[in-house]
Amino acid sequence: MNRLTLKAAFLSAILFAVFIGAWHLATLPTGGAVSAADAEYAKLMGAGAQKSDGFPPPAEIGKAFVHYLSDPMYDKGPNDKGIAIQLGYSLLRVAIGFAIAIVIAVPVGFLIGMSPLAMKALDPFIQVLKPISPLAWMPLALYTLKDSNVSGIFVIFICSIWPMLINTAFGVASVRRDWINVARTLEVNPLRKAFLVILPAAAPTILTGMRISMGIAWLVIVAAEMLVGGTGIGYFVWNEWNNLALPNVIFAITMIGLVGMVLDLLFGWLQKLVTYRE
Amino acid sequence: MSSLNNPFDPDRPLSRCSCGNHGSQSEHDIAVAAGDVDALNSRVVQSVVMRALFPQDAERRKFLSAVGASTAWAAISSLIPFGTLEAMAQEKGSLEKKDLKIGFIPITCASPLIMADPLGFYKKQGLNVSVIKTAGWALIRDKVQNREYDASHMLAPMPLAMSMGAGSNPMPINVATIQNTNGQAITLHVKHKDKRDPKMWKGFKFAVPFEYSMHNFLLRYYVAEHGLDPDKDIQIRVVPPPEMVANLRAGNLDGYLGPDPFNQRAVYDEVGFLHILSKDLWEGHPCCSFGVPADFVKQNPNTFAALYRAVLTAAAMARDPKNRSLMAEVLSPANYLNQPKTVLEQVLTGKFADGLGNVQNVPNRADFDPFPWYSMAVWILTQMKRWGYVKGDIRYKDIAEKVYLLTDARKRMAELGMTAPKADYQKFKVMGKEFDYSKPEAYVNSFAIKRS
């Protein structure tokens, strides 16, 4: 097992090196001739300066990493903040939206899971609302909630609620009948039954729902912040896109990936905590 | 014992002084020396009014004792607009709101209102302003309607459209100043270098920043003058300015009439060239404006006046060619425009590469004349009518004079020692054709290509 991990890590490193190497070779400067002979014109066209023509080589992106990570907490006014602050804003929005989704999805999911009638009655609504792109809610949210920050949180809420709701309902509905029957035989009161029998039994499924939700929420926050702007990693990407500064955009993309991975690992770990063997 | 006391207190006498505001000259002097005149201003106004209503102090006392101070206050304030009088008396008085949020789109048009921040013009007026970068014009509109922004950088036609409820819920917005004049251009993709005649543009995809923009109206005007119908022969899309260069590069667009620095940026990135500067269509045309909701103006007269002075000071600074290089330097970082300095410098100084291998020198390529001519508003309204953005009869002059705060601008400019034009309207030429502001309807009808 350990040897396998070591081998896999080695292979990953080689793949990464090959990828960067190929990238570097593909983006080597072609020694492009300056388009105009006139020196003044060439200067105005930014000859000699680093420009964004073509795809940036890996060294450029390395520079962006060093530049932004060496000072992640700077704050130069409302439109220019360090990468850690931007990620913090995004994570905060996700956390709030996600928490509200949990507060609503888990109890409602419980209700739906325990009552076949409720499941049948609510199913059409869930099926219609589930496939709507969370960003499609954005104009409506902006118009009715009248606050771009709250709208961002609302979008996170609306995208993370469905997987949680459906998984909770499914988990609760598929708790083994034997266990519920035992509880009934022992005359456990309903509240105790919910917390001590059904919740632990359904927890792995609920956590799976949460893990999916978190994945979606992290995908959506970037797009939402690109739309609404202000703060957050999505705004950072948008701002650098305005400047056509691809190295910075790629840097931000990498950061988004890394944070997403950490979030997923976190939920994977939580999932392991509640998993049980039958 | 004077105007500084509560005039609605029946137990206190209300006497006169030489200046009319105080019980005696000595009291007047003390009040002024205390430097607290502003805080007492409203009481002074109330006292003046009460004195006018009740020349005999005994009568005032009798009246107040009989009906009670609050009833008297309600009765009198329903007849006399104390709030407005106080605002007029206070002018440089206490600010109703000090922390303001002002939105902007990262383009050179916004230079004055951005520059006022690092140069401390807002602070000098006692205001604590954050200027917030915004992703697009529709979002500016929404954030102003949501009151997230107290005031904002807006396209010159936006306040007219928003006030009339075209493309939004009706919400009265005032134009305090024009942000900038000229400074736009038609940029074409480099592959169209041989298609300089607009007649060859059939089927082209163009972008403008917003429907209610000078860019849209000028592009429509330009192609229509060359015989193309902007709704049928070309496609006009709305693309936020910052996304124009990326779309031009990707081949989604053949060109755009966009704000700088994105015209110059396309040249710099060798994806586009400058076909024509907007100043060559209409010399001195307005582009963006400084929009403030009418409610804000009413509720915060002093703050508004202070803001007005800050923005006008910034405009005067921006007009001076000496400052343009410095502006390019200040605006270049990520907090403001986030563009290479050389691109901004070319836009602001007017010495630029045109993308066709020439260096051009046009010092007035971008200018920042703040005066909100009514005639500009009337022209914009004629184009909204022409292209069917508004239907039916338009009271051109009424709307222009309600939305554009020309008299306020003149007053604030006088306070700052600037000279404002005497006239409210002026005639101008757009592509050689004269616009007569007094006959807007005839002007609309004079075009061959139109929607109305």
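**Entry 1: two helices of chain A.** I looked up how helix 4 (residues 83-114) and helix 10 (residues 233-242) of chain A pack, and found an angle of about 130° with axes 7 Å apart. Helix 4 and helix 10 of chain A are therefore oblique to each other; oblique is what remains after under 35 degrees (roughly parallel), over 145 (roughly antiparallel) and 65 to 115 (roughly perpendicular). Axes are lines fitted to C-alpha atoms, for helices over the stretch in contact, and angles run from 0 to 180 degrees between N-to-C directions. Helices (H or I, at least four residues) and strands (E, at least two) are DSSP runs, numbered from the N terminus.

I noted that I83(A), Q86(A), L87(A) and S90(A) in helix 4 meet I233(A), G234(A), Y235(A) and F236(A) in helix 10. Contact requires C-beta atoms, placed from the backbone, within 7 Å.

**Entry 2: the model.** The model is predicted: local features need pLDDT of at least 70 and side-chain atom pairs 80 or more, while totals for chains, interfaces and linings use all residues. Residues are numbered from 1 along each chain as written, with chains lettered from A and ligands numbered from 1 in written order.

**Entry 3: a sheet of chain B.** I found 5 strands in an open, mixed sheet of chain B, in the order 2-1-3-11-4. Strand 2 and strand 4 (173-178) of chain B are at the edges, each with a single partner strand, so one side of each has no neighbour in the sheet. Strand 1 (residues 99-104) and strand 2 of chain B pair in the parallel sense over 6 bridges; pairing takes at least two DSSP bridges. I saw L100(B) opposite V129(B) in strand 2 of chain B.

**Entry 4: the chains together.** I looked up the interface: 30 residues of chain B are in contact with 29 residues of chain A.

How values were computed
Two residues are in contact if their C-beta atoms, placed from the backbone, lie within 7 Å.
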